[in-house]
Amino acid sequence: MAVSRGDRGRRVVVSGMGAVCAAGVGARRLWEAARDGVSQIRALKTERPYDGRIKIAAQVPDFDPAAYIESNVLPFCDPFTQFAVVAADEAMAQAGFGRKDIAGPRTAVIMGTGIGGMTTIEDGIYKYYVEKTRPETLSVPKLIPSAMPTTIGARFSALGPTFAVGSACSSASQSVGLGLQMIRSGMVDRAIVGGAEACVINATIRAWEGLRVMTPNLCRPFSKGRNGMSLGEGAAVFVLETAEAARARGHEPLCELAGYGTTSDAKDPVRPDLDGASSCVAAALEDAGLAPRDVHYINAHGTATHANDITESEAILRVFGDYGREVPVSSTKPIHGHALGASGGLELAITIKALRDQIAPPTINFLEFDPSCPINAVPNEARPTKIEAAISNSFAFGGINAVLVVRHG
C-alpha cells in the first residue's frame with residue numbers, strides 16, 4: 001500500500017532519454033537487446049595490441065563521432081563525452097526540446113562517470129613514455145570528468161548547477177537522484193542527468209584483471225557457475241522536469257521518477273555490505289512512498305561476481321521478505337557489460353522500458369538456480385509482467401549505494 005507523498009515536493013518525471021551502448025546508438029537498440037536477451041559482448045578490439053587474459057568486452061560498434069558532433073566541438077571530446085553528447089541529443093529530442101528551449105539558470109546538468117577521459121589519459125601516457133612526444137594540446141580539458149557535463153551544458157545553454165559525479169558504479173544513478181532532489185526542492189526546474197564511460201582500453205582492462213573479477217567467457221549473474229563480469233562502455237542521459245511543466249506543454253513523459261535512496265557502507269573498499277545495500281533499497285522505497293509489494297520489477301546491480309550476487313540477493317530478501325523470492329529480478333549486464341559509471345544509467349533506461357512495455361527482461365547465460373541467491377532471476381527468457389513500479393540498483397566500490405524508483409507518471 002503506497003503512503004502519502006508528504007512534503008517530498010514537486011513530482012518529477014522523465015520526459016526523454018537517450019543511450020549509446022554496445023547495441024549501438026539509441027535507447028531503442030539497448031532495450032531490444034535486453035528484452036530479447038541478445039548479448040552485445042564480443043571479441044575485444046583495442047587500438048594497441050592487448051596481451052592480457054580477457055579477450056571480450058561490450059564495446060560500442062562502428063561509432064563515428066563526427067557524424068553526430070560538430071567539428072569545432074569534437075576536439076574537446078574524449079570518447080566518454082562523445083557518447084554522452086549523442087545520448088543527450090536523443091534525450092532532448094524525445095523530450096520535445098530544441099537546442100535553446102531550456103536554456104538559462106533553471107536547468108541543471110549533472111553527469112556521472114567513474115573514471116572520465118581514460119582514453120585521453122592512456123594516449124597521453126603512451127605518447128610521453130613510449131613515443132617520447134607531447135600529449136595532445138587539449139588533453140586536460142578532454143580528460144577531466146567535468147568535461148562531459150560542461151560540454152552538454154554549453155550545447156543546450158544550461159546555466160544552472162553543472163557538475164560531474166564520481167561514485168564508481170553508482171555515478172549515473174546518483175546523478176539522476178541529485179537531479180530529482182534539485183527539482184523537487186525548487187532549486188531548478190529541469191535537469192539533464194545520466195552517466196557515461198569509455199575505458200575499454202588496455203590499461204583499464206589489465207587493472208580489472210588484477211582484481212580477478214572478470215569472466216573470460218560468459219557473464220552469468222545469480223547463476224551457479226558464475227565467474228565474473230565483462231566490461232562495457234556507453235552512456236545514458238535523461239531529461240527531468242516537473243510533472244506540472246510537462247503537462248502544461250502537452251508532453252507525455254516516459255514515467256515518474258518517484259524515489260531515490262543513497263547510502264554508504266563505510267566499510268570495505270571492494271566487498272559489498274548487506275546493511276548498506278538493504279538500507280539503500282529501503283530508503284528509496286520510503287522516498288517514493290511505496291511499500292515493497294508495490295514494486296513489480298527489480299533491475300539488479302548483478303555483476304556475476306560471487307560476493308556481490310549473494311549480498312544483493314540477501315538485501316532484496318531483507319527488504320522484501322518472502323515477496324523477495326517472487327518479484328522478478330534481472331541483471332542486464334550480460335547484455336551491455338558492466339559500464340562502470342554509465343551502468344546505472346543504462347540499467348535505468350532498461351527499467352523504464354520494462355515499465356512501459358510491461359516486460360521483465362531476462363538474466364541470460366543462466367545455468368542453474370543457486371541456493372545462495374534465492375531470488376526470481378527471470379532466467380534466459382523475458383517474461384510479460386504487470387509492472388506498476390520498478391527499481392534499479394547500483395552498488396559501487398567504496399560502498400556507495402544508489403537506488404532509483406520509477407512508476408507510471
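Helices (H or I, at least four residues) and strands (E, at least two) are DSSP runs, numbered from the N terminus. This is a predicted model, in which local features need pLDDT of at least 70 and side-chain atom pairs count only at pLDDT 80 or more, while totals for chains, interfaces and linings use all residues. Residues are numbered from 1 along each chain as its sequence is written, and side-chain values use heavy atoms, with hydrogens and water left out.

Helix α6 covers residues 171–185, and at 1.5 Å a residue its 15 residues should span 21 Å, which agrees with the 21 Å between its end C-alpha atoms; the expected span here is 1.5 Å times one less than the number of residues. Just after α6 comes G186, which takes a positive phi of about 90 degrees.

Charged side chains come next. Side chains of opposite charge can pair when their charged atoms come close. A salt bridge is counted when a side-chain nitrogen of Lys or Arg lies within 4 Å of a carboxyl oxygen of Asp or Glu, and the structure holds 25 of them. In one of these, E70 pairs with R155, and the closest N and O atoms are 3.0 Å apart. E70 lies in the loop between β4 (56–57) and α2 (79–95), whereas R155 lies in helix α5 (residues 147–155), so the pair ties together parts that are 85 residues apart in sequence. E70 is partly exposed, with a relative accessible area of 30%, while R155 counts as buried at 8% relative accessibility.

Another salt bridge joins R226 and D370, whose closest N and O atoms are 2.7 Å apart. This pair links distant parts of the chain, because R226 sits in the loop between α7 (202–210) and β8 (234–242) and D370 in the loop between β12 (359–360) and β13 (383–384), 144 residues apart. Both partners count as buried, R226 at 12% relative accessibility and D370 at 11%.

Elsewhere, salt bridges that share partners join E47, R48, E122 and D123 into one network.

R48 also meets an aromatic ring: its charged end sits over the ring of Y126, 4.2 Å from the ring centre. Such a contact is counted when NZ of Lys or CZ of Arg is within 6 Å of the ring centre and within 35 degrees of the ring normal.

Rings can also pair with one another. Rings of Phe, Tyr and Trp (its six-membered ring) pair if their centres lie within 6.5 Å, and planes under 30 degrees apart count as stacked, over 60 as edge-to-face and the rest as tilted. A search of the whole structure finds 5 aromatic pairs. One of them is formed by F63 and F83, an edge-to-face pair with 5.1 Å from centre to centre and 75 degrees between the planes. F63 lies in the loop between β4 and α2 and F83 in helix α2, so the pair ties together parts that are 20 residues apart in sequence. Both F63 and F83 are buried, and together with Y68 they form one aromatic cluster. The rings of F320 and Y323 have their centres 6.2 Å apart and their planes at 45 degrees, so this pair is tilted; both of these residues are buried as well.

Note on methods
Buried means under 20% relative accessible area, exposed over 50%, partly exposed in between (1.4 Å probe, protein chains only).
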